[in-house]
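Please keep the sequence and the model side by side while reading.

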Amino acid sequence: KGPWCELLKWGHAKFMQDDIEGAVLLYLRAAQLGYPIAHVNAAWLLEHYLSGTARGLCTSTSPEDCAQTLGQLAVHMWRQGASLANMPIADVRAAEVLLAGKLVEKDEMRARTVFAHVAALKQAPGAARARALVHL
């Protein structure tokens, strides 16, 4: 409970109203307050938002620069959510984004480092370890 719970509820309401930009901003604010699920929600929306045509979150940059910035933010949010909540699957998703090179500049070395880290975690759920191992 706390102020972030309200932010999460408002973020979900914005998402349900198809106001993706509003939802992202609310989830990013909740993430600043340290709520791990907000990091993951923001990352997912940023990742999927980039495939859309609206770029309202970046009004002063070119579409290419905006996509790169939002892609980097998505990777950062995945990684933060993973570390705050001990959620290795979020690390795997960040590495998959890095490996694909669609949202951010392709970085195979960084992606493989993250995959190796998740694969080595003894407490990682089987699905996270399996997805990491597939990429190694």
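Contact here means heavy atoms within 4.5 Å. With neighbours within four places in sequence left aside, E96 is in contact with F115, R131 and H135. The model is a predicted one, in which local features need pLDDT of at least 70 and side-chain atom pairs count only at pLDDT 80 or more, while totals for chains, interfaces and linings use all residues. Residues are numbered from 1 along each chain as its sequence is written, and side-chain values use heavy atoms, with hydrogens and water left out.

**Around E96**

E96 lies in helix α5, where helices are DSSP runs of H or I with at least four residues, numbered from the N terminus. Its relative accessible area of 12% makes E96 buried, since buried means under 20%, exposed means over 50% and partly exposed is what falls in between, all with a 1.4 Å probe and protein chains only.

**Salt bridges**

A salt bridge is taken as a side-chain nitrogen of Lys or Arg within 4 Å of a carboxyl oxygen of Asp or Glu, and by this rule the count comes to eight. A network of these bridges links E47, R93, E96 and R131.

| Pair | N to O distance |
|---|---|
| K14 and D19 | 3.6 Å |
| R93 and E47 | 2.3 Å |
| E108 and R112 | 3.9 Å |

The bridge between R93 and E47 links distant parts of the chain, with R93 in helix α5 (residues 88-100) and E47 in helix α3 (residues 36-49), 46 residues apart. Within this pair, R93 is partly exposed at 24% relative accessibility, whereas E47 is buried at 10%.

E108 and R112, by contrast, sit four residues apart in helix α6 (residues 108-120), so about one helical turn separates them. In general, an α-helix has 3.6 residues a turn, so residues three or four places apart point the same way. Both partners count as partly exposed, E108 at 39% relative accessibility and R112 at 32%. K14 and D19 also fall in the partly exposed class, K14 at 31% and D19 at 25%.

Helix α2 (residues 20-32) has 13 residues and reaches 18 Å from its first C-alpha to its last, close to the 18 Å expected at 1.5 Å a residue, the expected span being 1.5 Å times one less than the number of residues. Among the buried residues of α2 are I20, V24, L28 and A31. G34, which follows α2, has a positive phi near 95°.

What forms the nonpolar patch on the surface? F15, M16 and W44 do, with about 310 Å² of accessible area together, as given by the Shrake-Rupley method with a 1.4 Å probe, only the protein chains shown counting as cover for residues. Such a patch is made of residues with over 30% relative accessible area and no salt bridge, its nonpolar side chains (Val, Leu, Ile, Met, Phe, Trp, Tyr) being joined within 5 Å. M16 lies in helix α1 (residues 3-16) and is exposed, with a relative accessible area of 57%.

Terms used:
Helix = DSSP H or I, 4+ residues; strand = E, 2+ residues; numbered from the N terminus. Patch = residues over 30% accessible without salt bridge, like charges linked within 9 Å, V, L, I, M, F, W, Y side chains within 5 Å.
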